[in-house]
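User: I would like to learn how to read a model like this one. Please take me through it feature by feature.

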Amino acid sequence: MKKRSKKIGLIQKTSSIFIIVSLLLMSLSSIALYFYVRNILEAEIEEELYSTTARIESILEAGKNPYSLPPVVEVGTSKELLPDILKDTLIYDPSQDEIELFRELSSFKRINNINYKISVRDLVVESENILIAIIISYLLIIIVVFVVLYYFNKVGNSYLWKPFFNTLEQIKQFSLTAKEPIVLSSSNIREFSELNTQVKILTDKVRADYNNLKQFTEDVSHELQTPLAIMQVKIESVINDAPLSNQQYDQLTSIQKDIKRVTQMNKGLTLLTKIENNQFINPKQVSLTSIVEENIANFKEIFQQDIQFVNENELLVTMDYHLAEILCNNLISNAIKHHIGSGDIVIEISNKSLSVSNKGEKPILHVDQIFNRFYKENESVKSTGLGLAIAKKICDMYNFKLTYSFDKGSHIFLVQFS
Amino acid sequence: MKILIAEDEFSLQQSIAIYLEKEGNVCEVASDFNEASYKISLYDYDIVILDLNLLTGSGIDILKQLKKKQGANTAVIIISANNSLDDKLEGLDLGADDYLTKPFHLAELNSRVKAILRRQMFGGGAIVVFNEIKIDTDGHVVTVGEKEIVLTKKEYDLLLFFVTNKNRVLSKEIIAEHLWGDNSDLIDNFDFIYVHVNNLRKKLTKEGAKYIKTAYGSGYKFIED
């Protein structure tokens, strides 16, 4: 299965990219600055060491006594002349009373026929302090700049993308059944303006197609009813006008039955379209308990076996009254149609659910198709194949959960009202 | 009774007219909106049977026109291909007396027509008489000769349906639909219609009224010998 990646907002995304890039640039520039300043400071120290050495040399050349100021300046004699040595060294500093890191330049000079070793040192600590001070002030400045930039970037992005978010909100609220077409605020940014135009074209087309389809369903249903009415009426006339044989009569009444079936199917399809079109928008508090009771009273006359009704407490649901009647009627009549054997049909209402169960021999073969229109498990049962599809549509419309299960020889349909 | 049938489908219009004329009514027909509008402005009818979708206009406008007419006491039965609840309610709100969805049985239409006529002429409490049988449609009391017979609700409906459609063959399908409406398609065998009819027949026969006859093996006919 494809893993669903976590979605983040456009503004957050651009902000996070900004943060990552800024942090990267900040740390890189800090490191670069650190090395650059350190190099400069080192060069400065070296220059100072060399110049101190030169001063001492000139003092020595003038024949004055060697000048010494340990640990900063030490002048001694050496047997041989070596090249200059420049190194870091740890030396005890009596003035600080601790061991400090010094930069040391040892040069060997022959002055007035004496080989001198001149060691000049400078404290590294001082230069490091300067380095740290520079870096910290740099970081402070850059953080302030970063915060300000981040804020302006965010505000600017939000402003820039505002038309896009407006359009998105409009699309979210777009409803096929709404009488008004979608209205999008105009934008002077070309891409957003194009987006709006395309969205408008697309939604207008979808609305037009949808209305055509709706009109078509209504027309077909309407156009079918009249020929059916003519057939029905003519059959009745034939039955009453001429003497018929019993066989002819049976055939005519059988046609009457088929007309009735087509009519029911037609009604069912029209109802499905209407539910799909959200044409039932009259929700109110409905007592399913009393609707079920009415239904049972009606069905008792045409269904000989017992219908058990277990009602824990009155179930009130907010929905269209007509649809509530259809939902109960379809579930109960489905149970009656498919009831096999001698047990009772059981209707149970509990706190937030309605279940209807009838006896059967075996579970439904294709459970996934049971709520599809025209799905029939068993051809021998006369039905339009729409009852459960309508029940499911009604439940979907109100976010109720309609499920089927088979338990201990019973088909159970359960509606959970959340 | 004078009835106008406003229906643009010719064969349907004719079948309705023939059926209702056999019941002793005078029927006129209108095949489109203008004809219907013209006829109701000229003549007074007891009942207008009105198709909502007339070729050149809406039956609703005919209904409005009828209700505006001074002094007229015309009842309206709407017949419509549209079975939506809203249309039904709108029609009834505008003053229609009954609403039938296509397709319908002529026997059903006839029983609705008769019920309206009873309401119109006697304010509902008419007594339907067939020979020695008297049906008080107000108190739902049935007497045969001088003797009152006790019927269940369904038996009473059945008897009234038989009497209003006397001399007609009524199939079990028509009876089932009259008694149980849309739920009648749940009935997979009509044995218990037989039970209802048989109970009624027994109660009538006991008092000497033997009018329920079997037709073509499985239908019924209410007829005088």
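Analyst: Helices (H or I, at least four residues) and strands (E, at least two) are DSSP runs, numbered from the N terminus. The model is predicted: local features need pLDDT of at least 70, side-chain atom pairs count only at pLDDT 80 or more, and totals for chains, interfaces and linings use all residues. Residues are numbered from 1 along each chain as its sequence is written, and chains are lettered from A and ligands numbered from 1 in the order written.

User: Which residues of chain A does the UniProt annotation "transmembrane region" cover?

Analyst: The unreviewed entry gives 16-37 and 130-152; such annotations may be inferred rather than shown by experiment. In chain A, residues 130-152 are 100% helix, with end C-alpha atoms 33 Å apart. Residues 16-37 are also 100% helix, and their ends lie 31 Å apart.

User: How many residues of chain A are in contact with chain B?

Analyst: Contact means C-beta atoms, placed from the backbone, within 7 Å. By that rule, 34 residues of chain A meet 30 of chain B. Helix 3 of chain A supplies the largest share of chain A's side, 13 residues.

User: In what order do the strands of the sheet in chain B run?

Analyst: Strands of a sheet pair through backbone hydrogen bonds, either parallel or antiparallel. Pairing here requires at least two DSSP bridges. The five strands of this open sheet follow the order 2-1-3-6-7, with parallel pairing. Strand 2 (26-30) and strand 7 (98-101) of chain B each have a single partner strand, so one side of each lacks a neighbour in the sheet. Strands 3 and 6 of chain B pair over five bridges, and Leu50(B) has Ile78(B) as its bridge partner in strand 6.

Notes. Contact = placed C-beta atoms within 7 Å.
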